[in-house]
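Welcome! Take a look at the model below, and then we will work through a few questions together.

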Amino acid sequence: MKILISNDDGINSSGILAAKEAVEDLGHVTVVAPSSQQSGIGRALTLFEPLRIAGVQLKDGSRGFSVSGTPTDAVTLGIFELMEEQPTLAIAGINTGENIGKGELTTSGTIGAAMEAASYGIPTIAVSLQVSRGDIKFEDGHVDIDYSFAKEILKKVSKKVVDKGLPDGIDLLNLNIPSHPNSDEIAITTLGERMYNPHIEMRFDPRGKPYYWIDGTPFKGDNEGSDGHALKTLKVPTLTPLSMDFTSNLDSLNKWLD
C-alpha cells in the first residue's frame, strides 16, 4: 500500500504531519507538499518557471519533500517523479480551516491537490479541520491545534477506502471535521452554497493610490443536508462525494438548443 500525502498549507504544517500519523500504519507514506503556504491557489500548475524539490526532515524525524510550487505541482511531482509506483491512496490535508460549499470548491488548494490525484484514477480524500480562530488559518508552519479527533476520523475513512475502494462514480471524498464535535458519526452531505460572502476592502497607500484586499464574511444560509449545516450546526464530521466529471444535464441543453 502506497500513500501520497500533500496539502496547501506547506510542508512544515502541523496538519500534514497529523495526516501522516493518522494513516502511517496502513501503508508506506510519501509526504510531498509546497515549500510555503499556498492557500486559495486552487489547482494552479506552474508552467513558466522551473520547480525545485528539496528533501526535508519532518518534526517526527521522518523524511518528506518540499516543492517550490503549488499543491498541484507537488502532487504531480510526487506521483511521477518521487514515487516508484502510483499511490493506491492520496490524501490532501489536514487543512487548517474547513473546505465546504460550491462557491470556494475550486479555489481551495487542498481540493486542488486532491483533484489532481483523483484525475489519475487514484482514490483520494481531501480533509480539513474547522478552526474558530481566523488568525491561524493561513499560518505557514506549526499551529497549536488538537488533531486527535480529526486523525481518528481520517483513519476511519482512509481504512474504508483502502478496504473497499471508492464507489462507482465517486472520484474523491471531501471530509470536514468540526472543531468541537457533538458526535463521531459521519454525515453524508451535499455541497452547500459557499463558505463566505465576498467582501472587498479598499485601502490607500502612502501616495494616496487605492489597493484592495479580498476578504469575506461567513455564509449563513446553509440548507439541511449540506456540508455547512452538518459541520456548523450539527457539529459532526461531513463526507461529500465528488466527481471529476463536471458534465451537467445533456437533455436539458438539447431542449434548450431546440
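The questions and answers below walk through this predicted model.

Q: Which two residues does a cis peptide bond join, and what is its omega?
A: Most peptide bonds are trans. A cis bond is found between Gly93 and Ile94. Ile94 belongs to strand β5, residues 89-96. The omega of this bond is about 5 degrees.

Q: What is the phi of Lys235?
A: Most residues other than glycine have a negative phi. Lys235 is a residue other than glycine, yet its phi is positive. Lys235 follows α5 and sits in the loop between α5 (227-234) and β11 (238-242). Its phi is near 60 degrees.

Q: How does Lys235 count by its relative accessibility?
A: Buried means under 20% and exposed means over 50%, with partly exposed in between. Lys235 has 36% relative accessibility, so Lys235 counts as partly exposed.
That places Lys235 in the class called partly exposed.

Q: Is Glu98 buried or exposed?
A: Glu98 is placed in the loop between β5 and α3 (109-118). Leaving out residues up to four places away in sequence, Glu98 touches Ser128, Leu129, Gln130, Val131, Asn176, Met195 and Leu231. The cut-off for buried is under 20% relative accessible area. Glu98 has 14% relative accessibility, so Glu98 counts as buried.

Q: How are α2 and α3 oriented to each other?
A: Two packed helices are described by the angle between their axes and the distance between the axes. For α2 (residues 71-82) and α3, the axes come within 8 Å and cross at roughly 30 degrees. Angles under 35 degrees count as roughly parallel. The two helices, α2 and α3, are therefore roughly parallel.

Q: What is the handedness of the crossing of α2 and α3, left-handed or right-handed?
A: Picture the two axes crossing at roughly 30 degrees. The crossing of α2 and α3 is right-handed.

Q: How many nonpolar, polar and charged residues are in the contact of α2 with α3?
A: On the α2 side, the contact is made by Pro71, Thr72, Val75, Thr76 and Ile79. On the α3 side, Gly109, Gly112, Ala113, Glu116 and Ala117 take part. Gly counts as polar here. By class, the contact has five nonpolar, four polar and one charged residues.

Note on methods. Residues numbered from 1 in each chain as written. Predicted model: local features only at pLDDT ≥ 70, side-chain atom pairs only at ≥ 80, totals over all residues. Heavy atoms only, no water. Helix = DSSP H or I, 4+ residues; strand = E, 2+ residues; numbered from the N terminus. Buried < 20%, exposed > 50% of the residue type's maximum accessible area, 1.4 Å probe, protein only. Contact = heavy atoms within 4.5 Å. Axes fitted to C-alpha atoms, helices over the stretch in contact; angles between N-to-C directions. Parallel < 35°, antiparallel > 145°, perpendicular 65-115°, else oblique. Left-handed = near helix turned anticlockwise from the far one by under 90°.
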